[in-house]
Amino acid sequence: MNRVLSRDALALHLTALLIVVIADLIGLVRVPIGIGTVILLPILYAFALGILLNPNIWRASGRFLTRRSVQISGSMITIAIMPFIARFGTTVGPQIEAIVAAGPALILQEIGNLGTIAVAFPVAVFLLGMGREAIGASYSIDREPNLALIAEKYGLNSPEGAGAMGVYATGTIIGTFVFAIMPPLIHALGWFDVRALAMSCGVGSGSMLAACTGSLVAVVPDQEQLILALAAASNILTYATGLYVGIFVALPLTEWLYRVSRPADARPAAGGDRR
Amino acid sequence: MNRPSAHVQLSEIVKDEDDTSIGLVEKTAMLLVACLIGLAANWAATGTAPLAALPGMAILFAASLAGLLLAAIVPLRLPAVAWVSLIAILITIPGMPGAAFITEAVGQLNFLALATPALAYGGLALTQKEFSIARHSGWKIVIVAICVMFGTYIGSVIIADLTLRITG
């Protein structure tokens, strides 16, 4: 029980409680900028406050929060997101008819996740001149399941592994922010059905999901129930399909693109430096 | 640039996040802490007193716990959160016993407020290693990461939008 009752744990949970109360008391802030509205969400302040009070950033908080506290905090993330995911799931049942009606779109948009290859791969290879790091970095959104796949196939010490880890770490630090900013701005273009914007919120991690739906609900409040339900449904589809799309489509496709773009840098067929 | 040592750190991170070693009893206690903080978050965000939101939170706690159990028992590569999601969907489908009551009870809880605890822990959990990976990876990876997030999202939006136009 040392993750709940030890001194290190109690200090951690009290700090989290303090952060959460401050973040939620501030609440949602809208910042209009010419082309749309930037939405600042309590989850952003909570994350930022967490970083500020992190003993790795602010030495003084190390007197209160230990290395062990930081470790326990890592284990708490996956547990603490569960009530949120459960609450999210409860929005699906009441909207089940709308979900079924949007079924084909819900299923097909999973293929749209390959859009990362269309956007990120050319940037990584042609614009930034990256090597095989580009494969790990651009084949998927690089959350935990995708990372595990790269680790299995290439090892994390490979260039592909370094690319995937880099995007994973960067996504962890700025993902919430990016997914809070993007949807309202894309919505402001007026090109897309709000249902399409909503069901695409389920493509990443739990915090990306929260940021994406939170900011979308803030700009289209009268569609709240529908937005949440579609996002929740697509999120669970991503859990179910994401790994397989990665194994059978995204990764082979990215590998092939890399061979075509960099014939000189083809890897020996046997996978020579696999570790 | 000390690449080899950065790589050693990479694999350590993945090891750190392997939580399979934590027992179910301890996970339940951790879940209880998360739910209590969630009640405080909801109170701060909406003004709904924790007592009024308690029945809804008890349901979310039960659904989360059931998800943890199923993930531990069922030999599928589905993460616990996927089970939690499935259970929550099933118990709120109209016609399921108690669906109306459950929908009403969890309605006392603001969905976004329930996400703040995980993000607070997320910020507190960042280790020296993660910062150093981000720094080692450099500015190119930051650009690629933004393209990855944008590409994944907009790709889904475009396909979903086209399909909705065709199917209505």
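Author: **The interface in detail**

In this predicted model, 20 residue pairs, both members at pLDDT 80 or more, are in polar contact between chain A and chain B. A polar contact is a pair of N or O atoms within 3.5 Å; within protein, one must be able to donate a hydrogen and the other to accept it, and residues adjacent in sequence count only if both atoms are side-chain atoms. On the side of chain A that touches chain B, helix α9 (residues 159–188) of chain A supplies the largest share, 19 residues; helices here are DSSP runs of H or I with at least four residues, numbered from the N terminus. By class, that side of chain A has 75 nonpolar, 32 polar and nine charged residues (Ala, Val, Leu, Ile, Met, Phe, Trp, Tyr, Cys and Pro count as nonpolar, Asp, Glu, Lys and Arg as charged, and the others, Gly among them, as polar).

Residues are numbered from 1 along each chain as its sequence is written, and chains are lettered from A and ligands numbered from 1 in the order in which they are written. Local features need pLDDT of at least 70 and side-chain atom pairs pLDDT 80 or more, whereas totals for chains, interfaces and linings use all residues; side-chain values use heavy atoms, without hydrogens or water.

In total, 116 residues of chain A contact 95 residues of chain B, with heavy atoms within 4.5 Å. The chains bury about 9,100 Å² between them, 78% of it from carbon and sulfur atoms; this is the accessible area (1.4 Å probe) lost on putting the two parts together, summed over both. A:Asp24, A:Met82 and A:Arg87 provide 7% of the area that chain A buries against chain B, more than any other three residues.

The chains share one salt bridge, meaning a side-chain nitrogen of Lys or Arg within 4 Å of a carboxyl oxygen of Asp or Glu. A:Arg3 and B:Glu26 form a salt bridge, with their closest N and O atoms 3.2 Å apart.

Both chains also contribute to the lining of the second largest pocket: among its 16 lining residues, A:Leu28, A:Val217, B:Asn110, B:Phe111 and B:Leu112 lie nearest its centre. A pocket, on a 1 Å grid over the protein atoms alone, is an open set of points where a 1.4 Å probe fits, with protein on both sides within 12 Å along at least five of seven lines; lining residues have an atom within 4 Å of a point. Helix α11(A) gives the largest share of this lining, three residues. The lining comprises nine nonpolar, four polar and three charged residues.

Technical notes: Helix = DSSP H or I, 4+ residues; strand = E, 2+ residues; numbered from the N terminus.
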